[in-house]
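Hi,

Could you have a look before we next talk?

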Amino acid sequence: MDSENLNKTKRVVSESLEGKLGESYQVLDKGFVRVVDYMGNDQAIVQAARVSYGKGTKTVNQDRGLIHYLMRHGHTTPFEMCEIKFHVKMPIFVARQWIRHRTANVNEYSARYSIVEEEFYIPEIDKICYQSTTNSQGRGDELEQQLAQEFRDFLTKSDKSTYDEYTRFIEKGLAREIARIAMPLNTYTEMYWKVDLHNLFHFLKLRSHQRAQYEIRKYAEIMEEIVSSWVPMAYEAFLEYEKHAKTLSRSAIEYVRDNLKEELSSERERYGIGAREFTEVTEMLTGAEKE
């Protein structure tokens with residue numbers, strides 16, 4: 001069988017993502033993100049939502065409108081029909097944050113079976129900061145350059161010393177599963193991470209946020225670019241109703257209603273709001289929504 005026939009498939013594909021398969025995107029100093037495989041595209045979301053109607057909608061605008069409706073109303077199951085598998089290389093402390101997202105399939109490089117590579121994350125000078133005075137789990141202002149360089153030098157020296165001792169004990173026959181416990185949190189590790197689109201959006205919303213730790217945020221930003229080319233209509237809906245949207249409490253909505261000084265604008269086209277969504281917004285802000 002020739003290679004042309006081998007590459008034929010009956011499954012739906014994302015042409016823009018096909019060209020990115022296997023391509024590595026550098027993150028931090030030695031890390032990367034790589035797309036290994038994927039399943040589905042925007043049409044798969046539409047098909048799943050309209051499973052009772054065969055192919056479903058007939059135009060791009062109808063598909064876009066349906067995807068926006070699903071995202072706006074929290075109908076998440078159709079987005080779970082799309083999956084993507086990444087190969088990611090990151091420092092261990094980033095992996096520990098990453099693994100908190102327990103809605104994915106994960107297989108990490110095992111230092112019980114393999115020798116740890118001599119690769120360590122050393123942050124840039126401008127990323128070495130004081131403890132924030134307003135956020136107990138975040139960075140504040142940059143350190144003075146001399147102090148920041150002292151920390152970089154300390155990391156480099158400490159990493160080299162630790163790795164030398166690690167390899168010395170390995171050579172003397174110490175079990176790899178014991179020797180690995182000496183490795184610091186800035187050691188690089190790798191993993192395969194497979195996740196559906198709904199849970200990937202949740203990951204991106206949290207980890208691409210400006211308050212997320214810088215290092216994991218850089219991974220999320222690259223992945224977000226990949227997703228935008230894979231499922232452009234779903235990504236557009238994600239930006240509109242998740243990433244850049246805000247949730248109001250019941251009390252906050254009542255406050256807005258009570259303090260609305262002017263009538264609501266009827267110029268919905270000016271804001272790019274569809275007729276159905278505009279009705280929902282006005283009903284919410286006037287207290288006229290139906291139970």
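S229 comes out as buried, with a relative accessibility of 17%; the cut-off for buried is under 20%. Bear in mind throughout that this is a predicted model. S229 sits in helix α9, which spans residues 214-230. Its side chain reaches the backbone oxygen of I226 at 2.9 Å. Once sequence neighbours within four places are set aside, S229 is in contact with S14, S16 and K20.

**Aromatic pairs**

There are 13 aromatic pairs in the structure. One of them is Y38 with W230, an edge-to-face pair with 6.4 Å from centre to centre and 70° between the planes. That pair links distant parts of the chain, since Y38 belongs to strand β2 (residues 31-39) and W230 to helix α9, 192 residues apart. Both partners are tucked away: Y38 is buried at 4% relative accessibility, and W230 is buried at 2%.

W98 and Y219 are edge-to-face as well, because their ring centres are 5.7 Å apart and their planes stand at 75°. With W98 in helix α5 and Y219 in helix α9, this pair ties together parts that are 121 residues apart in sequence. Y219 has a relative accessible area of 0%, so it counts as buried. Ring pairs also join W98 and Y219 with F86, W193 and F203 into a cluster.

The charged end of K127 sits over the ring of Y214, 4.7 Å from its centre. R168 does likewise with F169, where the charged end is 4.6 Å from the ring centre.

**Annotated binding sites**

UniProt has a "binding site" annotation, from an unreviewed entry, whose residues include Q97, W98, I99, R100, E108, R180 and R207. Of that set, Q97 and R207 are in the lining of the largest pocket.

So is W98 buried or exposed? It is buried, because its relative accessible area is 0%. W98 lies in helix α5, residues 92-98. Leaving out neighbours within four places in sequence, W98 is in contact with V88, M90, M191, W193, F203, I216, Y219 and M223.

E108 is partly exposed, at 30% relative accessibility, and is found in strand β4 (residues 105-108). Not counting residues up to four places away, E108 touches R96, T189, E190 and M191. With R96 there is a polar contact between the side chains, at 3.2 Å.

A further UniProt "binding site" listing, again from an unreviewed entry, gives T77, R100, H101, R102, E108, D196, L197, H198 and H202. H101 is in the loop between α5 and β4, and R102 is found in the loop between α5 and β4. Which of them is buried and which exposed? H101 is buried, with a relative accessible area of 10%, whereas R102 is exposed at 71%. Beyond its neighbours within four places in sequence, H101 is in contact with H202, F203, L206 and R207.

Cheers

Methods. Residues are numbered from 1 along each chain as its sequence is written. This is a predicted model: local features need pLDDT of at least 70, side-chain atom pairs count only at pLDDT 80 or more; totals for chains, interfaces and linings use all residues. Side-chain values use heavy atoms; hydrogens and water are left out. UniProt positions are given in the numbering used here, feature names are shortened, and annotations may be inferred rather than shown by experiment. On a 1 Å grid over the protein atoms alone, a cavity is a set of points where a 1.4 Å probe fits but cannot get out, and a pocket is an open set with protein on both sides within 12 Å along at least five of seven lines; lining residues have an atom within 4 Å of a point. Helices (H or I, at least four residues) and strands (E, at least two) are DSSP runs, numbered from the N terminus. Buried means under 20% relative accessible area, exposed over 50%, partly exposed in between (1.4 Å probe, protein chains only). Contact means heavy atoms within 4.5 Å. A polar contact is a pair of N or O atoms within 3.5 Å; within protein, one must be able to donate a hydrogen and the other to accept it, and residues adjacent in sequence count only if both atoms are side-chain atoms. Rings of Phe, Tyr and Trp (its six-membered ring) pair if their centres lie within 6.5 Å; planes under 30 degrees apart count as stacked, over 60 as edge-to-face and the rest as tilted. A charge sits over a ring if NZ of Lys or CZ of Arg is within 6 Å of the ring centre and within 35 degrees of the ring normal.
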